[in-house]
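Subject: Structure for you to look at

Hello,

Please open the structure below and keep it beside you as you read. My notes follow it.

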Number of protein chains: 2
Amino acid sequence: MRVTIYDVADKAGVSIATVSKVINNTGKIRDSTRQKVWNVMKELNYQPSVMASALTGKSTETLGLLVPDISNPFFSELARTIEDRSHEQGLSVIMCSTDDNEEKEKKYLELLQRKQVDGLIIASSFNDRNLLKQLVKQNIPLVMLTQDDPSLGVTCISVDDFSGGFEATSHLLSLGHENIAILAENTSSSKMRIFGSRDAYETFGLTFNDSRIIRTTASVANGKNCLDHILEYNPATTAIFACNDQLAIGVLQRAKERGIVVPDKLSIVGFDNTILAETTVPSLTTVAQPIKEMGSKVVDLILETIKKQVQPKERILYNPELIIRETTSKCR
Amino acid sequence: MRVTIYDVADKAGVSIATVSKVINNTGKIRDSTRQKVWNVMKELNYQPSVMASALTGKSTETLGLLVPDISNPFFSELARTIEDRSHEQGLSVIMCSTDDNEEKEKKYLELLQRKQVDGLIIASSFNDRNLLKQLVKQNIPLVMLTQDDPSLGVTCISVDDFSGGFEATSHLLSLGHENIAILAENTSSSKMRIFGSRDAYETFGLTFNDSRIIRTTASVANGKNCLDHILEYNPATTAIFACNDQLAIGVLQRAKERGIVVPDKLSIVGFDNTILAETTVPSLTTVAQPIKEMGSKVVDLILETIKKQVQPKERILYNPELIIRETTSKCR
DNA sequence: ATGAAAGCGCTAACAT
DNA sequence: ATGTTAGCGCTTTCAT
């Protein structure tokens, strides 16, 4: 059987209360006693049960992380920094890939609550915002990541999507492209990127056309399909702004398959600057998010929220950075 | 406060024992009572506490997953299938990236034990095999993934690394390459891939040279450095077999940077067939692992182990598949 | 078919 | 400075 606090107490010749105190560094304990207990703990290889202590009201030292898909490089890179920072602070993280699927979102949220996670990091869009509102009402520590939705009244950390969309589109516009298609997801971030794009058009004195937006979800395969679609219905398109790297790469690959030279015949801008962006040829012009900073920050923030027991509802926007590589060139 | 079993019992006018029984579908309960309790649970949105039930000896419904690095596409893809399968079976998974760092390995193992995870999936090499042996001795359900080490006496799931190494090298050899460098990690899988490579040499009646092995760890950056090293000390090298895609891609990129045309001047074979392999240009010849099957299987197996409370110690090898793309060609 | 009560491993208030 | 004890929310005998 498991070594319990009783075993330690017995062997050390003290009460369990004393042992508990040395574990948690509370109360007043004589140094010699402390030392004795320490020794016994080591000797017995005693590991305090998180379950038991959580039951008494202490924390579970566990965070829940919801992302659309952990196998998407952007989110796995994000997850990695979150994991590192969490572990540094003594927390472990349970990962949940929601696929932007309403049922899964709900199920995972329930699961995580049953597990009494200390806090939730939500980097996945929620079809049913009410679920989130409920969490807030229940005062469950919660920080949104890559999901800037002020209406929720919780802390949001994200890149400045508006500005990112603006930069990406301005870049294309300044290269002379006017026939630009946008590949977007059904998320708040995509929405803001589109607004940024629209703003760029206006800045350039051009009119933005909603019909150039194609809705889809992040995957290389979808990127390919989108290009097929574009070529069929808008063959005059000279540039594509994809709201994430995976889509951009799908476009890039299909272009290659169809003999369309990038960037000569088609310029492409992605978003996220994942590892994928560097490994393609031509390498992908994209908008970088400061993944490390964001991941680190979100953990610090959720920890703070947990400690203070109040939802701080800040709104933190990081600056995106347009990284010009080889998939964009002058329109001709 | 949280809704507890007492609240439900009160409101339903029964004892907590009865409620417990309907939750777990144990004992004999009158249908009408069951219905009544069900209704109250729904009404109160009651969520049984995993903590409390775990404390009574039931499972925590949690798995620990140890990988070298979740942001490595191979492992994030693997993690995704594991996560999916686990959730299907009602389990959540805590992720731990060890970086093949002995301290982290130890720390995470302790952490996961304190959390009383039901089982461990270990896809990370262990510097200190004793830690693993201890786990086995403590009878903690444990399955090794991508780590075929029969000496451990536990179930191992992996691709047939020997055969993978053989295939990769045979491919190169049959193209006429004889001056092949190998980029390997310090893992059991790399070791077997090297043996496979050696076997290929022997099959071709050639002698394998240990000095052509370069040890490193998985990352694009390391791949680049390795090529620099090779070019300096073995400029006659015509082909490289990298034990994972990241290294292969590093090589590919550096080759491009240095003006070495792939595959004309240098052939490259990777391993894993991650998303990266398809997105490069030229696309990467690599050895595919059946990630989905392996991920699914490992969860089923650990579940079985948990249920039966005995370590089954099977050894499951999946067949690798050489995928010939564009980074390999005849030596000339 | 249902309930009372002991116990899981721990914390924290209260005694001593 | 240390110990006693009452919970925490649940499961599981054992009564009834």
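**The DNA side**

The residues of the surface near DNA strand D divide into twelve nonpolar, twelve polar and five charged. Please note that this is a predicted model. In total, 29 residues surround DNA strand D. The closest are A:Ala17, A:Lys28, B:Ile5, B:Ser20 and B:Ala52. Three helices each supply at least two residues of that surface: H2 of chain A, and H2 and H4 (50–55) of chain B. H2(B) gives the most, with six residues.

Now turn to DNA strand C. Two or more residues each come from helix H2 (16–24) and helix H4 (50–55) of chain A, and from helix H2 (16–24) of chain B. H2(A) has the largest share of the surface near DNA strand C, at five residues. By class, the surface near DNA strand C has 13 nonpolar, twelve polar and four charged residues.

**How the two chains meet**

On the interface, 34 residues of chain A are in contact with 33 residues of chain B. On the chain A side, these elements give two or more residues: H4, helix H5 (73–88), strand E2 (92–97), helix H6 (102–114) and helix H12 (275–279). H5(A) gives the most to that side, with six residues. The side of chain A that touches chain B has 16 nonpolar, eleven polar and seven charged residues.

How are the two copies related? Chain A superposes on chain B by a rotation of 180°, with 0.1 Å of shift along the axis and an RMSD of 0.1 Å. The copies are therefore related as by a two-fold rotation axis. The same surface serves both: 97% of the contact residues of chain A recur in chain B.

**Helix packing**

Start with chain A. The axes of helix H1 (residues 5–12) and H2(A) come within 8 Å and cross at roughly 105°. That makes H1(A) roughly perpendicular to H2(A). From H1(A), the contact uses A:Ile5, A:Tyr6, A:Val8, A:Ala9 and A:Ala12. From H2(A), it uses A:Ile16, A:Val19 and A:Ser20. By class, the residues of this contact are seven nonpolar, one polar and no charged.

In chain B, look at H2(B) and helix H3 (residues 31–44). They pack at an angle of about 90°, with their axes 10 Å apart. So H2(B) is roughly perpendicular to H3(B). B:Thr18, B:Val19 and B:Val22 of H2(B) meet B:Thr33, B:Arg34, B:Val37 and B:Trp38 of H3(B). The residues of this contact divide into four nonpolar, two polar and one charged.

**Backbone points to check**

- A cis peptide bond joins A:Val262 and A:Pro263, with omega about 5°. A:Pro263 lies in the loop between helix H11 (245–257) and strand E9 (267–272) of chain A.
- The bond from B:Val262 to B:Pro263 is cis as well, with omega near 5°. B:Pro263 sits in the loop between helix H11 (245–257) and strand E9 (267–272) of chain B.
- A:Asp100 is not a glycine, yet has a positive phi of about 55°. Its place is in the loop between E2 and H6 of chain A. A:Asp100 counts as partly exposed because 18 C-beta neighbours lie inside 10 Å.
- B:Asn25, a residue other than glycine, has a positive phi near 60°. B:Asn25 lies in the loop between H2 and H3 of chain B. With 8 C-beta neighbours inside 10 Å, B:Asn25 counts as exposed.

**One residue in detail**

Is B:Thr286 buried or exposed? B:Thr286 has 31 C-beta neighbours inside 10 Å, so it counts as buried. B:Thr286 is in strand E10 (residues 285–288) of chain B. Leaving aside neighbours within four places in sequence, its contacts are B:Asp245, B:Ala248, B:Val269, B:Gly270, B:Phe271, B:Asp272, B:Asn273, B:Ala277 and B:Ile323. B:Lys107 is 179 residues from B:Thr286 in sequence, and the two are 34 Å apart in space, C-alpha to C-alpha.

Best wishes

Terms used: Residues numbered from 1 in each chain as written. Chains lettered and ligands numbered in written order. Predicted model: local features only at pLDDT ≥ 70, side-chain atom pairs only at ≥ 80, totals over all residues. Helix = DSSP H or I, 4+ residues; strand = E, 2+ residues; numbered from the N terminus. Nonpolar A, V, L, I, M, F, W, Y, C, P; charged D, E, K, R; others polar. Contact = placed C-beta atoms within 7 Å. Buried ≥ 20, exposed ≤ 12 C-beta atoms within 10 Å, placed from the backbone. Axes fitted to C-alpha atoms, helices over the stretch in contact; angles between N-to-C directions. Parallel < 35°, antiparallel > 145°, perpendicular 65-115°, else oblique. Least-squares fit on C-alpha atoms with pLDDT ≥ 70 in both. Near = placed C-beta within 6 Å.
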